[in-house]
Amino acid sequence: MSRTPVRLPTPEVGPRADRGPIRLDLTWADRSFTLWMVDVGLACCSVEVMAAALASDASRSAGALVRGADGGRTDVLVVSGTCTDVLAPALRRLWERLPEPRRVVSFGACSATGGPYWDSYSVTKGIDSVIPVDVYVPGCPPRPEALLQGLSLLEPGSA
Amino acid sequence: MSALADAVVAALEPAGASASDGFGPVTVDVPTHRWVEGLEAAYAAGAVFFDLLTAYDLGDHGFAVMAHLAAGDLRDHVLLRTTVPRDDAALATATGVYRGAAWHERETHEMFGIGFTGHERLEPLLLPAGFGVAPLRKDVVLAARAARPWPGEKDPSDSGGRARRRTLPPGVPADWPEARP
Amino acid sequence: MTAGARPPRTRGVIALVEESCTVCMLCVRECPDWCIEIDSHTETLPPDDDHRRPRTQAVLDRFAIDFGLCMYCGICVEVCPFDALHWSPVAEYAATSPDGLVHERDRLASWEATVPAPAPLDPRGVVDDPGPRRAAGRLASGS
């Protein structure tokens with residue numbers, strides 16, 4: 001039987017103007033604020049972060065996600081999903097590259113404490129052992145509204 | 001029954017390969033020294049879709065290595081299974097038949113310590129360098145469960161003391177050396 | 001979507017009805033994540049008009065759920081024989097520290113006000129009635 005050769009896709013690498021942080025225009029409890037967010041989407045929780053980003057006022061009026069340029073202003077780093085010990089150094093390096101003021105939101109149980117996998121041989125038991133965390137959003141996964149409430153806890157006027 | 005399974009059993013006769021129908025795909029037990037032959041028979045019968053290769057720790061009986069294969073239209077599938085001994089666990093590589101097995105064999109080697117002879121690149125894949133153990137072996141215990149005090153150990157009728165009959169949380173073996181007295 | 005508009009049985013946060021808890025410890029033992037912690041002690045009640053012998057009663061000291069670990073499986077709510085734990089649809093209780101995600105007795109009890117009434121099993125609340133035409137068709141075809 002002849003073997004069909006498999007053609008693998010070639011990935012695109014390099015910075016792009018439309019691949020940067022996502023702009024969120026949020027209104028929470030009578031406060032309106034704009035945040036540029038980078039989501040480190042590691043697992044299931046990232047789907048809820050996508051839902052929250054698509055529900056943001058900016059995307060509702062524009063009809064699509066508003067993204068800044070690669071390397072553009074980033075206000076908050078959202079870590080959504082399970083961080084493993086192998087991945088932790090990369091997460092640390094990413095956080096170190098962000099300019100101040102930088103805030104970190106841990107989204108979901110896995111990034112807060114390791115969640116259901118706290119006893120695993122490979123899972124980091126909470127990203128706060130690798131980078132400092134400002135807000136912890138509980139849930140497995142949390143609702144998109146929970147992300148908005150968590151972002152509202154960040155100190156106002158963070159640049 | 002499965003046409004793929006029948007084809008494998010027929011190709012391996014009279015070597016004692018048997019088919020059994022439990023839950024899920026039909027399982028064909030292949031003699032260890034005829035593992036590649038069994039895979040080639042499945043491929044020749046139309047199992048062009050390689051789904052996964054993994055292992056299971058049988059304790060004293062060694063490890064069971066399983067390959068899940070399916071026909072191109074995914075209407076038929078079969079599980080080929082063989083056993084390797086615990087000491088010197090080694091099996092011929094499946095990459096000659098299915099290139100995609102390369103990744104799975106690397107992972108199985110890392111998680112169980114099973115060698116795949118003929119594999120081009122059996123290097124660590126998922127675990128950090130120097131991890132030291134094959135974590136999916138049954139004799140590697142989840143240390144976190146044994147080390148952390150289990151909230152369910154408390155007995156309300158004991159008024160704050162330890163339960164008279166020591167209850168262990170699920171997953172901690174009774175003879176784990178560091179389990180608290 | 002506000003909490004009230006969410007589907008019935010939405011798993012937002014767990015509320016504790018303290019009066020129903022008998023400290024049986026089933027929720028603690030069954031939690032796959034070990035995120036519930038209970039402390040208690042026993043008290044001996046003397047005989048009275050209704051009871052001829054002294055009784056020991058378990059008294060709850062501490063009931064805590066760590067929502068940083070919780071995976072919202074609902075096993076604790078299901079296994080409680082006395083219905084002391086209930087689901088509430090409120091999902092917005094993020095905190096600025098991991099300790100803020102541990103809810104103690106008082107906070108767990110405060111969620112009770114947000115627990116909705118149980119939803120009917122059939123959202124339309126009617127018995128499934130196939131109607132005369134469909135029933136007749138079934139009889140005619142012999143199925």
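Colleague: In what order do the elements of chain A run from the N terminus on?

Modeller: The order in chain A is β-β-α-α-β-α-β-α-β-α. Please note that this is a predicted model.

Colleague: How many helices and how many strands does chain A have?

Modeller: Chain A has five helices and five strands.

Colleague: What share of the residues of chain A counts as buried?

Modeller: The figure is 40% of the 159 residues of chain A. As for contacts in chain A with a separation of 6 or more, 76% of them join residues 24 or more positions apart.

Colleague: Which residues of helix α1 of chain A are buried?

Modeller: Helix α1(A) covers residues 45-55, and A:Cys45, A:Glu48, A:Val49, A:Ala52 and A:Ala53 are buried there.

Colleague: Why are they on the same side of α1(A)?

Modeller: They lie on the same side of α1(A) because the arc they cover around the axis is only 145 degrees.

Colleague: Still on chain A: where is the peptide bond from A:Cys140 to A:Pro141, and what is its omega?

Modeller: That bond is cis, with omega near -10 degrees. A:Pro141 belongs to the loop between β5 (135-137) and α5 (144-152) of chain A. Another cis peptide bond joins A:Glu100 and A:Pro101, with omega about -5 degrees. A:Pro101 sits in the loop between α3 (88-97) and β4 (103-107) of chain A.

Colleague: Let us turn to chain C. Which strands form the open sheet there, and in what order?

Modeller: Three strands form it, in the order β2-β3-β5 of chain C, with antiparallel pairing. Its edge strands are β2 (36-45) and β5 (102-103), each of which pairs on one side only.

Colleague: How many bridges are there between β2(C) and β3(C)?

Modeller: These two strands pair over 10 bridges in the antiparallel sense, β3 being residues 55-66 of chain C. Within the sheet, C:Ile36 is opposite C:Ile65 of β3(C).

Colleague: And C:Leu45, is that residue buried or exposed?

Modeller: C:Leu45, which lies in strand β2 of chain C, is exposed, since 11 other C-beta atoms lie within 10 Å. The cut-off for exposed is 12 or fewer.

Colleague: What does C:Leu45 contact beyond its neighbours within four places in sequence?

Modeller: Its contacts there are C:Pro54, C:Arg55 and C:Gln57.

Colleague: Which residues in chain C have a positive phi without being glycine?

Modeller: C:Arg9 is one of them, with phi near 65 degrees, and C:Tyr72 is another, with phi about 60 degrees. C:Arg9 is in the segment before β1 (13-16) of chain C, while C:Tyr72 is in the loop between β3 and α2 (75-79) of chain C.

Colleague: Is each buried or exposed?

Modeller: C:Arg9 counts as exposed because it has 12 C-beta neighbours inside 10 Å. C:Tyr72 has 21 C-beta neighbours inside 10 Å and therefore counts as buried.

Colleague: Which members of the largest nonpolar core touch the most other members?

Modeller: They are A:Val78, A:Val79 and C:Cys70, in a core of 67 residues. Leaving aside neighbours within four places in sequence, C:Cys70 is in contact with A:Ala109, A:Pro138, A:Cys140, C:Asp33, C:Cys35 and C:Ile65. Another core, of 36 residues, lies apart from it, and B:Val8, B:Ala17, B:Val28 and B:Tyr98 are among its members.

Colleague: Finally, B:Arg81: where is it found, and is it buried or exposed?

Modeller: B:Arg81 is in strand β5 (residues 77-84) of chain B. It is buried, because 20 other C-beta atoms lie within 10 Å.

Colleague: What does B:Arg81 touch, not counting residues up to four places away in sequence?

Modeller: B:Arg81 touches B:Thr27, B:Val28, B:Asp29, B:Val30, B:Ala64 and B:Met66. From B:Arg81 to B:Tyr98 the C-alpha to C-alpha distance is 16 Å, and they are 17 residues apart in sequence.

Conventions
Residues are numbered from 1 along each chain as its sequence is written. Chains are lettered from A and ligands numbered from 1 in the order in which they are written. This is a predicted model: local features need pLDDT of at least 70, side-chain atom pairs count only at pLDDT 80 or more; totals for chains, interfaces and linings use all residues. Two strands pair if DSSP finds at least two bridges between them. Helices (H or I, at least four residues) and strands (E, at least two) are DSSP runs, numbered from the N terminus. A nonpolar core is a set of buried Ala, Val, Leu, Ile, Met, Phe, Trp, Tyr and Cys residues joined through C-beta atoms within 7 Å. Two residues are in contact if their C-beta atoms, placed from the backbone, lie within 7 Å. The arc is that of the directions from the helix axis to the C-beta atoms.
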